Amino acid sequence: MTYLAKPKFHHPGLPKNDLGYTHRDYEGTVSTLCAGCGHDSITASIIQACFELSIEPHRVAKISGIGCSSKTPTYFLGNSHGFNSVHGRMPSVLTGANLANRDLIYLGVSGDGDSASIGFGQFAHALRRGVNMAYIVENNGVYGLTKGQFSATADRGSKSKRGVINTDNAIDLAAIALQLGASFVARSFSGDKHQLVPIIKAAITHKGAAFIDVISPCVAFNNHAGSTKSFDFVREHNEAVNRLDVISSRMPIEVKYEPGSVEIVEQHDGSSIALRKLAADYDVHDRTAALGFLQHHAAKGQIVTGLMYIDKNADDLHGHLDTVGVPLNSLGAEDLCPGQAALDAFNASMR
Amino acid sequence: MPTSQPAPISRVNDFVIRFANVNGSGSASANEMFARAVMRMGVPVAPRNIFPSNIQGLPTWYEVRVTADNHLGARGGIDLMVAMNPQTFDKDIASIEPGGYLFYDSTKELPASKFRKDITVIGVPLTAICNREYTDPRQRQLFKNIIYIGALTALLDMDVAAVEQLIGEQYKGKEKLIAPNIKALHIGRDYAILNLACPLGIRVQKADKVGDRIFVEGNAAAALGAVYGGATVCAWYPITPSSSLADAFTRYCAKLRIDPQTKQAKYAIVQAEDELASIGMVIGAAWNGARAFTATSGPGISLMQEFIGLAYFAEIPAVIFDVQRAGPSTGMPTRTQQCDIISCAYASHGDTKHVLLFPENPAEAFEFGALAFDLADRLQTPIFVMLDLDIGMNHHLSKPFAWDDSKIYDRGKVMTAAELEAGREFGRYLDVDGDGIPYRTYPGTHPTKGSFFTRGTSRDRYAKYTEEGAPYVDNMQRLVRKFDTAKDLVPRPLQANSTKPTKYGVVYFGSSAPAMDEAIAMIEARGHALDRMRLRAFPFHSSVNSFVADHDFIFVVEQNRDAQLRSLIVNECGIDPVRLVPILHYDGTPITARFISKAIIDHLDALQIAPAKAVL
């Protein structure tokens with residue numbers, strides 16, 4: 001049905017958020033991806049997360065690279081500016097955009113080809129710098145648009161649709177993100193909206209480089225037996241360490257959790273994350289232990305999901321550069337141009 | 001073999017001295033002090049650093065042209081060689097003009113076969129003096145440089161007070177270094193006065209030819225231009241010879257762009273992981289309404305190609321300073337050329353054309369460095385400021401920089417929230433004014449109006465994705481229209497006609513300008529007349545077509561092998577290539593007046609054009 005435009009009218013009784021926006025105000029155009037694509041579920045989760053957080057839709061900049069995943073920003077937040085840049089280079093474009101205006105919310109959407117192969121360098125360096133963003137990789141282990149080649153996140157030993165066995169080692173983007181110093185690292189599954197929506201909300205509210213690896217099966221090229229990125233495989237091997245609830249600063253924290261099973265993590269912006277622990281000894285504040293936990297479970301063929309690590313005191317690139325509080329793009333000549341008097345002094349110093 | 005000795009060169013305020021040193025020996029600051037001392041005596045200088053891609057150990061040269069006539073281009077030929085590097089001693093001696101002078105360290109006796117008979121040899125036992133005066137090996141090395149400067153002040157009849165004053169300025173804040181340096185200066189000077197025939201035939205005499213000019217490197221000038229032009233985001237990756245541009249921007253911002261109240265930065269500088277990331281950041285920042293730039297050289301331009309095409313097609317402002325060096329590939333990283341003209345003019349795959357600015361010196365590097373940001377915003381496209389190593393990394397005497405305080409930045413066609421709210425029609429790629437330039441909106445402007453999707457794929461006038469032929473062609477034609485608009489916005493060519501009517505002209509640009517200006521006098525002295533046009537930008541203004549049309553032949557002077565500017569003129573102006581005669585200099589050294597005048601005179605002779613006055 002992708003050739004049909006979305007109807008503009010909607011039910012008058014649709015629920016509204018704190019700003020008076022309905023769910024529909026966060027949607028984009030109709031998806032042109034394959035029916036059943038995991039990426040569409042992620043799109044739906046982004047819409048839900050932004051609606052629940054009561055974000056002004058136009059205050060988000062959505063930036064992507066090239067590929068199936070990078071097409072998705074057209075399908076959500078239709079009143080936001082979007083930028084479908086070049087393959088593997090979303091992180092640099094997002095970094096520049098963020099430097100220009102620190103007041104917008106930056107949503108980076110990428111895929112496993114985009115971030116783990118051609119753009120592996122940019123992925124790494126944007127996280128190292130602590131760019132304030134929610135960086136989502138829609139990870140299906142395969143090149144969809146070019147019809148089914150393995151990507152760099154495909155597990156060694158997994159089988160392609162054509163029956164080829166992958167002999168290269170896989171890149172675990174979440175593990176790398178931990179190692180690179182990302183201050184928020186999570187993994188989720190496109191088929192688990194209850195886990196994914198709060199993770200996206202937490203990533204958006206996090207100040208610093210937030211990275212989410214979302215396993216998102218490709219129904220056309222990577223959903224068969226022998227694939228480790230299929231719906232069935234991920235469901236069977238999903239090892240969730242926790243469940244999240246994001247509590248905005250506007251809402252009082254209602255204590256409805258069993259004592260001992262929940263940890264409240266307060267964030268910079270006043271919001272809190274309520275973590276319901278599923279793995280008893282898992283500590284989301286211990287980067288080194290998180291890496292060990294990931295690798296230990298990966299060796300057993302398990303896919304660890306949930307919030308793996310958060311540094312609630314993280315700062316971002318603007319903090320590191322100590323830039324002024326207002327957006328740089330709002331400064332005019334009166335702020336930026338030193339004028340002839342300063343130039344006279346310069347000239348005098350150069351004789 | 002001629003047996004008669006040429007007379008020692010005898011010239012006041014008009015000679016070339018070259019210092020041959022070992023990289024990393026601390027000679028650079030002493031040599032620069034020499035150049036400044038001449039300048040302080042009111043005599044113009046044109047220094048050039050000839051250095052290796054190396055930090056320590058390889059040969060390096062510093063050349064100072066002392067030129068009362070203000071010939072600021074390289075001249076070619078050495079009148080006085082200060083040969084301090086045994087590695088290059090023989091080659092250095094061979095490069096001295098007949099009748100010239102050799103200054104060397106005579107501590108160790110050298111066989112007569114090491115020298116030439118047609119030059120004057122001046123030996124000073126520098127090592128012996130240093131070993132006698134100093135015990136610390138580092139001091140022996142550093143003061144050796146000051147000692148030879150001291151000897152030169154006597155040999156060239158220079159004002160020693162000017163050097164003393166410069167030493168005082170250089171060590172301001174480290175006052176205890178002043179006295180030992182001045183002492184070393186006088187050790188050398190005294191030795192020369194006592195033991196050598198001072199002054200030489202070449203010497204410096206106080207004059208009043210410098211005026212209010214400043215002494216500045218082109219990269220620093222361009223960086224200051226970026227500060228004045230309102231750049232707030234700089235993303236760059238280190239590469240010779242452009243790194244000092246980003247370094248200078250960092251320095252000037254730290255001085256001029258700190259909020260007085262909060263002490264916070266009104267700028268953001270990121271050293272990117274590579275050139276792809278640096279141009280990506282520039283494009284992201286400019287898309288989001290900041291003025292942004294990168295500084296790079298040829299290899300960086302190659303790496304940025306895909307992004308440059310995106311910025312052209314998606315119409316995003318960007319400023320790229322290309323400090324050109326000799327290519328291809330790694331080429332000669334510390335040697336100068338004008339070799340990125342084609343790779344910048346047509347950068348990226350598909351049909352693209354880009355705006356190039358050609359500053360001739362630091363004054364224009366400052367002016368164009370600021371102007372580039374207005375042009376980028378106005379035209380919503382990448383603007384290349386085409387510097388080169390010669391302009392960028394050498395100090396040049398330049399007119400003082402000026403800024404009009406009443407000037408406001410041209411941010412181009414940006415639709416505001418109020419205009420959108422008032423119901424003004426917005427189509428991101430809609431040509432409402434007929435100049436090919438559409439309106440844009442910054443992200444986050446309005447809750448429901450003016451948002452659009454930026455993409456490198458084809459789209460219609462309202463930024464909606466399409467692969468239809470007609471809207472694609474419509475868009476590509478509009479981009480051509482926009483490029484035509486640029487012709488009247490970029491700096492115009494400057495024309496200087498010969499006093500005599502002539503059928504011949506010369507076109508040149510960038511760092512060739514001072515050599516060309518000097519060459520014209522040499523060409524005219526041979527009785528030839530030549531009209532001149534200095535190009536300052538691409539796309540070419542219509543006056544370029546008329547200049548070519550008005551002459552039978554045009555010499556096109558440039559510093560690359562393949563006559564890149566000539567190709568651009570042929571291609572863009574539809575001119576018969578036969579009428580454009582390439583004059584090409586591309587060995588990595590700056591082009592000289594001697595080279596240009598000889599090449600042009602040879603051509604005119606080959607064309608059997610008799611000079612207006614007979615030359616015997």
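Let me start with β10(B) and β12(B), which run parallel and are joined by 2 bridges; strands here, like helices, are DSSP runs numbered from the N terminus, with at least two residues of type E for a strand and at least four of type H or I for a helix, and two strands count as paired if DSSP finds at least two bridges between them. Everything I describe comes from a predicted model, in which local features need pLDDT of at least 70 and side-chain atom pairs count only at pLDDT 80 or more, while totals for chains, interfaces and linings use all residues. Residues are numbered from 1 along each chain as its sequence is written, and chains are lettered from A and ligands numbered from 1 in the order in which they are written.

Opposite Ala292(B) in β12(B) you will find Val233(B). On β12(B) there is also a parallel pairing with strand β13 (residues 318-324) of chain B, over 4 bridges, and there Thr294(B) has Ile320(B) as its bridge partner. How much of strand β12 (residues 292-296) of chain B is buried? The count is 5 of the 5 residues, so the strand is largely enclosed by the rest of the structure, where buried means that 20 or more other C-beta atoms, placed from the backbone, lie within 10 Å of the residue's own, exposed means 12 or fewer, and partly exposed lies in between. In a regular strand the side chains alternate between the two faces of the sheet. In β12(B) both faces are covered, with Ala292(B), Thr294(B) and Thr296(B) buried on one side and Phe293(B) and Ala295(B) buried on the other.

Staying in chain B, let me turn to helix packing. The axes of helix α4 (residues 137-155) and helix α6 (residues 178-195) of chain B come within 7 Å and cross at roughly 45°, the axes being lines fitted to C-alpha atoms, for helices over the stretch in contact, with angles running from 0 to 180 degrees between N-to-C directions. That makes α4(B) oblique to α6(B), since angles under 35 degrees count as roughly parallel, over 145 as roughly antiparallel, 65 to 115 as roughly perpendicular and the rest as oblique. By class, the contact between α4(B) and α6(B) has 14 nonpolar, 5 polar and 1 charged residues, with Ala, Val, Leu, Ile, Met, Phe, Trp, Tyr, Cys and Pro taken as nonpolar, Asp, Glu, Lys and Arg as charged, and the others, Gly among them, as polar.

A second pair is helix α1 (residues 27-40) and helix α5 (residues 160-170) of chain B, which pack at an angle of about 125° with their axes 9 Å apart, and which are therefore oblique to each other. From α1(B), Ser29(B), Met33(B), Arg36(B), Ala37(B) and Arg40(B) meet Ala162(B), Val163(B), Leu166(B) and Gln170(B) of α5(B), where contact means C-beta atoms, placed from the backbone, within 7 Å. This contact of α1(B) with α5(B) divides into 5 nonpolar, 2 polar and 2 charged residues.

Now to where the chains touch: 56 residues of chain B are in contact with 47 residues of chain A. Which element gives the largest share of the side of chain B that touches chain A? That is α9(B), with 9 residues, and by class this side of chain B has 35 nonpolar, 14 polar and 7 charged residues. Strand pairing also links the chains, as strand β2 (residues 81-84) of chain A and β17(B) pair in the parallel sense over 3 bridges, and Phe83(A) has Thr454(B) as its bridge partner.

In chain A, helix α5 (residues 120-129) has as its buried residues Gln122(A), Phe123(A), Ala124(A), Ala126(A), Leu127(A) and Arg129(A). What covers them includes α3 (90-100), α4 (112-118), α6 (173-180), β8 (209-215) and α10 (317-321) of chain A together with α9 of chain B. Just after α5(A), Gly130(A) takes a positive phi of about 75°.

Finally, chain A has an open sheet of 3 strands in the order β10-β12-β11, with antiparallel pairing. At its edges stand β10 (242-247) and β11 (262-266), each with a single partner strand, so one side of each is left without a neighbour in the sheet. The twist averages 20° from one strand to the next.

Conventions:
Two residues are in contact if their C-beta atoms, placed from the backbone, lie within 7 Å.
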